[in-house]
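Subject: Structure handover

Hi there,

Here is the structure I promised to pass on to you. Have a look at it first, and then read on for what turned up.

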Amino acid sequence: MVVDKAERGLLFVMVGPGGAGKNTLMKVALAEMDDLFELVTTTTRDKRPGEIDGIDYHFLTKDQFLSMITNNQLVEYQEVTPGNFYGVPRASVEQALEAGRDIIADIEVLGARILKQSYPTDTVLVFVTVPGNSEADILSNLRERMEIREDTEDVILERLERARLLELPFQVECDHTIINEDRDTAATQLMEIIQQERVARQDATQVCS
Ligand code: 5GP
């Protein structure tokens, strides 16, 4: 069923360099807003302790994942870490948007770009980064956070390179930027963005109707 544009949900995509806190901010918003729902994506990586199938991810074998690709059931998919594939199930997104449910997901940049291209009027890209007056400054702040998390030096170097080449340049393509200096302030900012986008959608439909 195709519903009137006014009733469609919004897809909020959290994007930005690893270590900036996009997943944490998303979880705070989900805990605080009972009219916001997590878009559960698929992955072929192993389940980590405490993770639940269907809640954290739909955990799939490589064959199941391949079958979803073949049947055009993924809007996008990427090999996010070597050998581990992640993808957004088309049915989950479209059912939520058509039912007027607002959903949120933490997606890496290449996937985020495809989501925006696929659902241009429904997708809101929220870029999360750390404070800094220059690229070097931002990278140094990211390194500090990774060191606190006790990531290994190899992992840190790889993630910083990815941030420099791929993730930081993506900011200009995003609808909003949150500079995550303090978790609570940043989470409040995210919830304000969500409300603001809901109001903007309502206003746009009122003007059109
Ligand atoms: P993790 O393995 O730590 O749960 O997730 C690694 C990264 O995969 C996350 O930071 C998130 O941005 C990304 N990710 C999760 N689901 C998807 C997806 O469906 N598509 C893409 N492109 N990236 C995803």
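Among contacts in the protein between residues at least 6 apart in sequence, what percentage join residues at least 24 apart? The answer is 66%. Please keep in mind that this is a predicted model.

On the overall build, the protein contains 7 helices and 9 strands. Its C-alpha trace spans about 55 × 45 × 30 Å along the principal axes. The radius of gyration is 17 Å, which agrees with the value near 17 Å for a compact globule of 209 residues. Of those 209 residues, 44% are buried.

The element I would open next is strand S1, residues 11–15. Because 5 of its 5 residues are buried, S1 is largely enclosed by the rest of the structure. In a regular strand, side chains alternate between the two faces of the sheet. In S1, Leu11, Val13 and Val15 point one way, while Phe12 and Met14 point the other way, and all are buried.

S1 also has two parallel partners to look at:

- Strand S7 (residues 102–106) pairs with S1 over 4 bridges, in the parallel sense; here Leu11 stands opposite Ile103.
- Strand S8 (residues 123–129) runs parallel to S1 and is joined to it by 5 bridges; here Met14 stands opposite Val126.

Key: Residues are numbered from 1 along each chain as its sequence is written. This is a predicted model: local features need pLDDT of at least 70, side-chain atom pairs count only at pLDDT 80 or more; totals for chains, interfaces and linings use all residues. Side-chain values use heavy atoms; hydrogens and water are left out. The radius of gyration is taken over C-alpha atoms; the globule rule is 2.2 Å times the number of residues to the power 0.38. Buried means under 20% relative accessible area, exposed over 50%, partly exposed in between (1.4 Å probe, protein chains only). Contact means heavy atoms within 4.5 Å. Two strands pair if DSSP finds at least two bridges between them.
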